[in-house]
Amino acid sequence: MAYKIVVDSCCDLPEEYRKDEHFAVVPLTLVVDDDEIIDDETFDQLDFLRRVRESKNGAHSACPSPQRYIDEFENVTDTDIYVVTLSSKLSGSYNAAVLAGEMYKEDGGTNNVHVFDSRSAAAGEVLIAFMIERAVKEGLSFEEVVERIEKFRAGMGTYFVLETLEVLRKNGRLSNLKAALVSALNIKPIMAGDDGSIVKLGQSRGMDKALAHMIDYIKADTVDSANKTLVIAHCNAPARALKLKELIEKAMEIKEVVIVDTAGVSSLYAYDGGIVVSV
């Protein structure tokens, strides 16, 4: 059976996967002041970061329409389709994809379709997409792939450290006073995904210490790390991502580390210098 993996644009796929016919990216829309930016192959990260930095109102994202997903379901036949979206607690992308699947079936669509709520974002979506591809190539049936990935997602961890909390402040998710204090003291919160929501694990003074402490959390939480793939998503911080990779490989045995640059949605929330890790 042929297969297709459809992801929303918060999934920061490596370039070779974006060119692979088995993958398709459904873009979200980024809104900065009065400008709408489609998060597709035309996305300019540096220009976008500049726009966000200069904006007094902040930026936000808008989820795709169900029709955009349906278009991906309809342009193939005799195909198993797996959809990966960012956490349903962070965006309407998952609900749009689920509705699209229901509409597709009601209109007589014959492809198998399953929508995975990543309960994560960025690197987490990438990792789930990787695991789907591997399961399919092992020859598992549609139902077996779904079962394996649901179990994998339940044990996956996502962690992140941001260089600045300014975007969260502009979006109203952090008070002006708290953001000012964190910035003045150079405090970097270490955060993680918890069933699709964001929780704070701890904090450190300075990015280097925060990343080191994040590795401690990853090492403590990861079972059977020698057989795990770890994905690092960075926003305009390739040197930082490479250094983190080296530190992780020194701290724990890991099968594979993949580094990706953030696309639009992840760049919005991780912002300049932010790091997201999933394993």
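The structure is a predicted model, in which local features need pLDDT of at least 70 and side-chain atom pairs count only at pLDDT 80 or more, while totals for chains, interfaces and linings use all residues. Residues are numbered from 1 along each chain as its sequence is written, and side-chain values use heavy atoms, with hydrogens and water left out.

**Helix α5 and what follows**

- Helix α5 covers residues 123-137, where helices (H or I, at least four residues) and strands (E, at least two) are DSSP runs numbered from the N terminus.
- The 15 residues of α5 should span 21 Å at 1.5 Å a residue, and the end C-alpha atoms are 21 Å apart, which agrees; the expected span is 1.5 Å times one less than the number of residues.
- Of the 15 residues of α5, 13 are buried, so the helix is largely enclosed by the rest of the structure; buried means under 20% relative accessible area, exposed over 50%, and partly exposed in between (1.4 Å probe, protein chains only).
- Just after α5, Gly 139 takes a positive phi of about 95°.

**Salt bridges**

- A salt bridge is counted when a side-chain nitrogen of Lys or Arg lies within 4 Å of a carboxyl oxygen of Asp or Glu, and by this rule the count comes to 16 salt bridges.
- Within helix α5, Glu 133 and Lys 137 lie four residues apart, about one turn of the helix, and their side chains meet in a salt bridge at 3.3 Å, N to O.
- An α-helix has 3.6 residues a turn, so residues three or four places apart point the same way.
- Another salt bridge joins the side chains of Glu 138 and Arg 148 at 3.0 Å, N to O.
- This pair links distant parts of the chain, ten residues apart, with Glu 138 in the loop between α5 and α6 (142-155) and Arg 148 in helix α6.
- Glu 138 counts as exposed at 51% relative accessibility, and Arg 148 counts as partly exposed at 35%.
- In helix α10 (residues 238-251), Lys 245 and Glu 249 are four residues apart, about one turn of the helix, and they form a salt bridge whose closest N and O atoms are 3.0 Å apart.
- A network of salt bridges links Asp 35, Asp 47, Arg 50, Arg 51 and Glu 54.

**A negative surface patch**

- Asp 71, Glu 74, Glu 102, Glu 106 and Asp 107 form a negative surface patch, and the elements that give two or more residues to it are α3 (66-74) and α4 (93-106).
- Patches are made of residues with over 30% relative accessible area and no salt bridge, with like charges joined within 9 Å and nonpolar side chains (Val, Leu, Ile, Met, Phe, Trp, Tyr) joined within 5 Å.
- Glu 102 has its place in helix α4 and is partly exposed, with a relative accessible area of 44%.

**Asn 57**

- Asn 57 lies in the loop between α2 (45-54) and β5 (59-62), where it is exposed, with a relative accessible area of 59%.
- Asn 57 and His 213 are 156 residues apart in sequence and 33 Å apart in space, C-alpha to C-alpha.

Note on methods. Accessible areas come from the Shrake-Rupley method with a 1.4 Å probe; for residues, only the protein chains shown count as cover. Lys and Arg count as positive and Asp and Glu as negative; His and the chain ends are not counted. The place of a charge is taken as NZ of Lys, CZ of Arg, CG of Asp or CD of Glu.
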